[in-house]
Amino acid sequence: MRYLVTGGAGFIGSHVCDALIQRGDSVVVLDDLSTGNKKNIEHLISHASFKLVQGSILDTSAVESAIKSVDHVLHFAAAVGVFTIVDKPLESLMTNIRGTENILEAAHMHGKEVLIASSSEVYGKNAGGALHEESDRIVGSPLKSRWSYSEAKAIDESMAYFFYQEKKLAVRLVRFFNTVGPRQVGHYGMVVPRFVSAALKNEPLTVYGTGSQSRCFCHVYDAVAGVLAVIDSNATLGEVFNIGNDEEITIENLAHEVIELTGSRSIIEKVLYEKAYAPGFEDMQRRVPDISKIKRVVGWTPKLSLDSIISNIATHLKA
Ligand SMILES: NC(=O)c1ccc[n+]([C@@H]2O[C@H](COP(=O)([O-])OP(=O)(O)OC[C@H]3O[C@@H](n4cnc5c(N)ncnc54)[C@H](O)[C@@H]3O)[C@@H](O)[C@H]2O)c1
């Protein structure tokens, strides 16, 4: 099968490319290298079944010519990371809404299957237990840049879903919860690589807020296996699936765990959310995925523990 992976030079996208090439598929990547890095796919560049197109999903002709050459589109390109969204809200919205619209239009025009990468951010600050695919969205004001990523991803999902319903486009949706692992970078606001990187340098680990907020972290290798399970099944058409790990940890305990596992002399410092981001910044207290649907439909469950994730990131950062 021939796949177009938008955002394929990014963190999750590049691991998806690895998995596809490894199983004998061919891959075209469309990436503008804004948050992605050529290094993530350097080892694939000389492969006969791999091609990198440096370009934007906002460029409709680049999108169309890339889509024409494949059977299936995996859409990972997006403006990602809390800092990116808060710093450049307008540009992020354009990328995340118009970019996805371009992908869906072109896929429809050329009759290609599409997987859209969405996010647990669509649930907003719904902290009422494990979130299942039908859980309500609870978001703040649309004028707060904090929520614009959630808004954009929700619109992407609706657009994709109604392309499926009204135009019979073969669409699948996945909502990634915090995904971590090698190649992820910390400077866009991702907590695990940020902590591990500070711990390796014996620098303070900065916890935003009280640290009592909890998250669940899924290894990217598990997430990629989830993506492949979803795209390989016909039972997933027109459906949305949570992809995440349901092992929960508070951010303060995560900081302690990182310090212990890396043998670091770092201390933990707490910083007010307002100082770290912007006045009025809102965050959710808990975010836990309910992964019973993906388990039931395609038999996927995550296999890797948080400790192995931290060790893996530390090894990668040291290298
Ligand atoms: N990492 C997570 O925990 C997580 C959680 C939820 C959802 N997601 C979603 O998964 C997808 C991949 O995220 P990631 O963590 O790998 O981030 P990433 O920043 O590493 O990857 C995004 C990629 O998209 C590319 N890109 C950005 N704008 C583009 C444009 N206009 N045209 C072409 N390429 C462009 C970037 O250069 C980058 O390579 C995104 O859609 C993101 O919203 C990720």
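Just after helix α6, asparagine 202 takes a positive phi of about 55 degrees. This is a predicted model: local features need pLDDT of at least 70, side-chain atom pairs count only at pLDDT 80 or more, and totals for chains, interfaces and linings use all residues. Residues are numbered from 1 along each chain as its sequence is written. Helices (H or I, at least four residues) and strands (E, at least two) are DSSP runs, numbered from the N terminus.

Start with α6. Seven of its 10 residues are buried, so α6 is largely enclosed by the rest of the structure. Buried means that 20 or more other C-beta atoms lie within 10 Å of the residue's own, and exposed means 12 or fewer, with C-beta atoms placed from the backbone. The buried set is Val191, Val192, Pro193, Phe195, Val196, Ala198 and Ala199. These residues pack against β7 (179-180), β8 (205-208), α8 (251-262) and α11. For packing, two residues are in contact if their C-beta atoms, placed from the backbone, lie within 7 Å.

Now turn to α2 (residues 60-68). Here Val63, Ala66 and Ile67 are buried. Seen down the axis of α2, its buried residues fall within an arc of 95 degrees, so they line one face of the helix. That arc is taken over the directions from the helix axis to the C-beta atoms. An α-helix has 3.6 residues a turn, so residues three or four places apart point the same way. On the face of α2 turned away from the buried side sit the exposed residues Ser61 and Lys68. The buried residues of α2 pack against β1 (2-6), β2 (26-31), β3 (50-54), β4 (72-75) and α4 (89-110).
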